[in-house]
Protein chains: 2
Amino acid sequence: MNECMSLLKAFKQTEYRLGGHGPRDLQMLKRALMDLDDQLESDMYGKGQVMEDFETKMAHYLGKEAAVFFPSGTMAQQIALRIWCDQKGIKKVAYHPLCHLEIHEEDGLKELHHIHPILLAEEDRVIQLEDVMGLKEEIACLLLELPQREIGGQLQEYQTLKAISAYCREKGIKLHLDGARLFEILPYYQKSAKEIAELFDSVYVSVYKGLGGIAGAILAEDKEFTKKSKVWKRRHGGDLISLYPYILSADYYFEKRVGKMQQYFGEAKELAGFFNQCHSVYTTPLEPVSNMFHVHLDLSKEELEPILVELIQETGIGFSSYLKELNSRACYFELGIGDMFAKIPKDKLKNAFALLDKKLKEFNTKNSVE
Amino acid sequence: MNECMSLLKAFKQTEYRLGGHGPRDLQMLKRALMDLDDQLESDMYGKGQVMEDFETKMAHYLGKEAAVFFPSGTMAQQIALRIWCDQKGIKKVAYHPLCHLEIHEEDGLKELHHIHPILLAEEDRVIQLEDVMGLKEEIACLLLELPQREIGGQLQEYQTLKAISAYCREKGIKLHLDGARLFEILPYYQKSAKEIAELFDSVYVSVYKGLGGIAGAILAEDKEFTKKSKVWKRRHGGDLISLYPYILSADYYFEKRVGKMQQYFGEAKELAGFFNQCHSVYTTPLEPVSNMFHVHLDLSKEELEPILVELIQETGIGFSSYLKELNSRACYFELGIGDMFAKIPKDKLKNAFALLDKKLKEFNTKNSVE
């Protein structure tokens with residue numbers, strides 16, 4: 001715990017950082033609002049120009065008839081699945097074992113909506129067509145998360161998505177996209193958001209991950225669906241009198257960053273390459289397919305922490321603010337490339353990785369001798 | 001519909017307004033953030049100093065052990081009732097027929113939590129001890145809304161609250177306070193928030209009504225209760241990565257306005273007096289018991305609208321932006337006094353009411369003749 005605190009502390013003192021867009025501080029919000037007219041009117045309980053304009057813009061971007069702004073993806077996705085379950089009269093859906101709804105939402109889907117999820121595929125790989133074809137029970141909806149965040153941001157090939165989509169349409173299974181990181185995967189697929197979204201019925205995207213907004217989510221489908229989703233939004237307590245702080249900042253950072261996803265993708269591949277040249281380190285995926293990946297290290301959390309703190313203090317580069325234990329001899333952390341990476345001088349970066357490699361080798365030598 | 005649009009339009013062009021704190025525009029937020037340090041760190045999924053400091057402050061203000069910030073009262077209150085129902089193992093609560101949960105939340109309490117409400121008292125009066133004593137079914141929780149907004153903000157006497165509280169404690173019924181407008185009723189009771197809150201088990205207050213924040217709510221009780229409420233907050237999709245735009249503005253406007261409730265209360269009584277001197281007009285309550293009341297007019301919505309538009313345009317004072325139909329011969333609107341009322345020059349105000357009275361008399365004369 002003590003070491004963990006000092007890793008976070010060391011990280012916070014760095015000038016440079018491998019991942020992210022920078023600190024999540026008040027300046028993020030102020031910057032987004034700065035140039036906007038003070039007299040701009042608040043949205044009011046889901047209505048008003050500030051909300052409707054952004055919803056229309058996102059619907060158009062995603063190639064869907066309509067879109068609704070939600071305070072969170074947790075709310076948007078539970079509601080999407082509920083609508084599809086109600087429509088089909090079956091309270092069953094299928095998703096990956098490491099789906100956000102399964103591991104990060106305190107079982108909201110089960111506790112509030114009484115929807116039973118069927119877990120598809122093993123934890124360490126993405127869902128394939130065969131998994132869907134092998135379903136023994138009838139389901140209302142299949143959720144695919146692109147990229148699969150908890151395993152480093154892995155992706156199905158585009159042809160697989162097409163085949164799953166075609167199969168689901170044939171079988172009357174609704175296909176929902178957990179596109180929390182949809183913007184971030186477009187460069188890999190070389191497709192527009194619209195081209196990915198058209199394989200799915202309902203689509204959720206987050207405005208605070210790759211885009212780096214304050215909070216919020218978009219849920220898109222046809223008008224009948226989004227109308228229902230607004231009723232559920234009110235039921236969940238998400239139809240706030242004012243959501244404009246999130247909407248305005250989402251729009252600001254969308255404009256600022258949606259065109260930079262190719263850059264982040266390229267940088268993620270470059271950075272993963274650096275890690276994979278180091279002793280006792282590998283990334284998942286080995287070659288990133290988005291702006292994100294996981295860095296695995298064959299050292300325990302306790303062994304790695306002091307090494308990483310030293311490295312951060314000596315180089316001024318924030319590698320990570322935390323480590324997650326995988327088992328007693330391995331740990332990992334996640335990186336998502338944003339605006340921060342490009343700010344690091346290249347020589348500084350190369351020296352830092354040379355130093356990391358050296359420290360890990362030294363640790364290994366010392367450990368083998370003992 | 002056309003008339004209604006022009007009433008709103010006329011209202012928006014006014015310099016002076018009877019109710020509220022002014023337009024809900026972006027300036028409200030900018031003003032609250034302006035003097036705060038840019039490097040102030042965001043809360044992160046319910047944690048972080050910005051959130052914990054405000055929660056502690058509100059817990060102390062309400063005299064409760066702990067408090068949790070929620071994005072909305074809808075979410076906070078459903079969750080409060082759910083916790084009490086789970087604890088008692090009875091999915092029944094009681095509240096007023098015009099309770100927010102019954103008429104404004106798309107039946108979230110029933111649809112998400114499967115809690116059955118028993119409606120106590122007639123619509124046009126507040127719940128009395130006899131109503132509670134007359135309950136035929138066992139309930140987990142009784143919700144009292146102070147003041148009862150939909151009937152003009154009426155209140156029980158303090159002795160009644162004490163008696164209901166004592167009865168509920170004796171019978172093992174949890175008492176929940178819908179204190180959306182708790183700050184606003186303290187001058188009438190001549191009590192502190194703590195003294196009112198101690199009659200209740202769980203307490204909800206809104207930060208955007210009398211205080212005039214952007215959005216958000218506080219739910220307070222002991223630590224065991226608030227811990228459970230955070231789990232449900234996540235399930236509802238209300239545990240956002242960042243709630244600081246709401247928290248910081250809530251804190252700002254709390255400091256600015258919590259001491260002004262006595263002033264608003266006095267002004268509400270003064271203003272209601274002006275209305276009650278006009279022909280065909282009366283307020284509910286006749287003498288306000290908080291900063292709010294309803295203005296009833298013995299004219300149909302269609303008859304009143306052009307008169308009100310004229311009045312607004314001739315005086316520059318925004319009486320109301322809307323009218324609600326009561327029946328074919330009567331309508332009403334709500335007023336909640338905030339910072340705007342004190343800005344109206346007194347002579348301007350008196351002239352405006354003289355003009356309103358004149359117009360209503362003329363209408364009446366014309367109508368009787370026809």
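Visitor: How many residues of chain A are in contact with chain B?

Guide: In this predicted model, 51 residues of chain A are in contact with 51 residues of chain B. Contact here asks for heavy atoms within 4.5 Å.

Visitor: What makes up the area buried between chain A and chain B?

Guide: That area is about 4,300 Å². Carbon and sulfur atoms give 56% of it. Leu26(A), Leu112(A) and Arg235(A) supply 15% of what chain A buries against chain B.

Visitor: Why is an interface described by an area at all?

Guide: Its size is often given as the accessible area lost when the parts come together.

Visitor: Why is Ser72(B) called buried?

Guide: Its relative accessibility is 9%. Buried means under 20%. Ser72(B) is below that cut-off, so it counts as buried.

Visitor: Where is Ser72(B) found, and which residues is it in contact with?

Guide: Ser72(B) is in the loop between β2 (66-70) and α4 (73-88) of chain B. Leaving aside neighbours within four places in sequence, Ser72(B) is in contact with Gly237(A), Leu240(A) and Ala217(B).

Visitor: What makes helix α9 of chain B mostly covered?

Guide: The helix spans residues 182-189, and seven of its eight residues are buried. Among them are Leu182(B), Phe183(B), Ile185(B) and Tyr189(B). Glu184(B) is buried in α9(B) too.

Visitor: What comes just after α9(B)?

Guide: Gln190(B) does, with a positive phi of about 55 degrees.

Visitor: What does the secondary structure of chain A come to?

Guide: Chain A has 15 helices and 13 strands.

Visitor: Why is chain A called as compact as a globular protein of its length?

Guide: Compare two values. The radius of gyration of chain A is 22 Å. The globule rule gives 21 Å for 370 residues.

Visitor: How many positive and negative side chains does chain A have?

Guide: Chain A has 47 positive and 56 negative side chains. The centres of the two sets lie 2 Å apart.

Technical notes. Residues numbered from 1 in each chain as written. Chains lettered and ligands numbered in written order. Predicted model: local features only at pLDDT ≥ 70, side-chain atom pairs only at ≥ 80, totals over all residues. Heavy atoms only, no water. Helix = DSSP H or I, 4+ residues; strand = E, 2+ residues; numbered from the N terminus. Rg over C-alpha atoms; globule rule 2.2 N^0.38 Å. Lys, Arg positive; Asp, Glu negative; His and termini not counted. Charge placed at Lys NZ, Arg CZ, Asp CG, Glu CD. Buried area = accessible area lost by both parts, 1.4 Å probe. Buried < 20%, exposed > 50% of the residue type's maximum accessible area, 1.4 Å probe, protein only.
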